[in-house]
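Colleague: I would like to learn how to read the features of a model such as this one. Please take me through them in order.

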Amino acid sequence: MSATKRSVTVIGLGPMGQAMVRAFLKAGVAVTVWNRSPEKAEAMVELGATRAGTVAAALDANELVVLSLTHYDAMYTVLEPAADRLRGKVIANLSSDSPEKARRGAAWVRERGAEFLSGGVMSAGDNIEHPASYIFYSGPREVFDAHAELLLPLSPQEYLGADDGLAQVFYQGLLTIFHPWLLAFDQATAMIERAGHDIAQFVPFAVRSNAAFPYFMEQFSVENQQGGWADVPGLRMMDAGAQHIIDASEEVGVDATLSHTAQAFWRKAVTASAEADRAVSTYELMRG
Ligand SMILES: NC(=O)c1ccc[n+]([C@@H]2O[C@H](COP(=O)([O-])OP(=O)(O)OC[C@H]3O[C@@H](n4cnc5c(N)ncnc54)[C@H](OP(=O)(O)O)[C@@H]3O)[C@@H](O)[C@H]2O)c1
């Protein structure tokens, strides 16, 4: 081991923090860990990490400190008691939270003399080695550039810009798409199964329909950049279509809450269009 061996501290050892420790160790990076529940840190020691007895010791161990916590509030709980050790450190908070909370967290860290980067881990679950996984970063470009190589074992990187909240804006934007997709997939497959059919026969068609999504995204992004587009016959067609999905689900006892919500949006747009005497899109309604 040379004197120039690369090293980091990882604080927070949930499924994601543990995946990060494994990725660093695999890349030959020495890792010091700290976790509120010590048994998770012990498990990482068995893989080759060093366990710090206190947060202060974890901060003292390395310049670069990666946080993988449930939310930004946990950062204050963890770092506050050792705040006098933050000076000169680089905190890369890769926890999920709102953009505004990330900005406040960045200011809090900088007030205590450390550099700060915010990250949003766009991984396939906690599989950061999956080819589709990558991490959004935002914060000062020079801080990112200075530490990008050391952070690289975690996943490919997408640096977005200087706004400390930007990584969370994009991360939460993508999760906004992902959450209803997950629930819609549950509803669709439950409907297939409760109708007495085979989910395995259905899934290849669900995968195939994904191929059309980039086309729709391109179309809608052009329209939404101009304020959104709709025509009233199209809105009425979507309302009727939502009713068909609701019926197909509820006929076999499947919860169609998600489709009722979708239908409520189409109906709201139909009503708003009648009131405004022009077509009002769902984008315009949501954007406010
Ligand atoms: N897991 C995924 O698939 C995934 C994917 C992408 C992004 N993310 C994001 O990555 C972050 C970490 O994910 P995760 O799944 O590992 O989350 P997690 O299971 O919630 O664990 C995060 C860590 O936060 C610690 N923690 C929470 N509240 C704390 C507090 N008040 N004081 C001290 N420690 C506290 C936990 O400590 P204890 O062990 O003591 O409970 C644990 O080590 C989250 O922001 C998550 O949204 C996760």
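This is a predicted model: local features need pLDDT of at least 70, side-chain atom pairs count only at pLDDT 80 or more; totals for chains, interfaces and linings use all residues.

Modeller: Residues are numbered from 1 along each chain as its sequence is written, and side-chain values use heavy atoms, with hydrogens and water left out.

Colleague: How many helices and strands does the protein have?

Modeller: Helices (H or I, at least four residues) and strands (E, at least two) are DSSP runs, numbered from the N terminus. The protein has 12 helices and eight strands. Its C-alpha trace spans about 70 × 45 × 30 Å along the principal axes.

Colleague: Which domains does the assignment give?

Modeller: Domain bounds come from an automatic or database domain assignment. Here they are domain 1 (7-163) and domain 2 (171-287). The centres of the two, taken over C-alpha atoms, are separated by 37 Å.

Colleague: What percentage of the residues count as buried?

Modeller: Buried means under 20% relative accessible area, exposed over 50%, and partly exposed in between, with a 1.4 Å probe and protein chains only. Of the 288 residues, 39% count as buried. As for contacts (heavy atoms within 4.5 Å), residues 24 or more positions apart account for 61% of those with a separation of 6 or more.

Colleague: Which residues of the ligand shell are the closest?

Modeller: A residue is near a molecule if one of its heavy atoms lies within 4 Å of it. The ligand is surrounded by 21 residues, and the closest are Asn35, Ser37, Lys40, Thr70 and Ser96. Helices α1 (15-26) and α4 (72-79) each supply at least two residues of this shell.

Colleague: Which atoms of the protein lie by oxygen atoms of the ligand?

Modeller: A polar contact is a pair of N or O atoms within 3.5 Å; within protein, one must be able to donate a hydrogen and the other to accept it, and residues adjacent in sequence count only if both atoms are side-chain atoms. A side-chain N or O atom of Thr70 is 2.7 Å from a ligand oxygen, and a polar backbone atom of Ser96 is 2.7 Å from a ligand oxygen. For Pro15, a backbone N or O atom lies 3.2 Å from an oxygen atom of the ligand. The protein covers 77% of the 890 Å² of accessible area that the ligand has on its own, areas being from the Shrake-Rupley method with a 1.4 Å probe, and for residues only the protein chains shown count as cover.

Colleague: Why does Gln168 count as buried?

Modeller: Gln168 counts as buried because its relative accessibility is 0%. It is in helix α7 (residues 166-194). Beyond its neighbours within four places in sequence, the contacts of Gln168 include Ser96, Pro99 and Gly119.

Colleague: Where is His147, and what does it touch?

Modeller: His147 is found in helix α6 (residues 141-151) and is buried, at 10% relative accessible area. Not counting residues up to four places away in sequence, His147 touches Glu63, Leu64 and Val90. Val90 is 57 residues away along the chain, with 8.8 Å between the C-alpha atoms. A polar side-chain atom of His147 lies 3.0 Å from the backbone oxygen of Val143.

Colleague: Which backbone oxygen does the side chain of Ser155 reach?

Modeller: The side chain of Ser155 reaches the backbone oxygen of Ile128 at 3.0 Å. Ser155 is in the loop between α6 and β8 (157-161) and counts as buried, at 4% relative accessibility.
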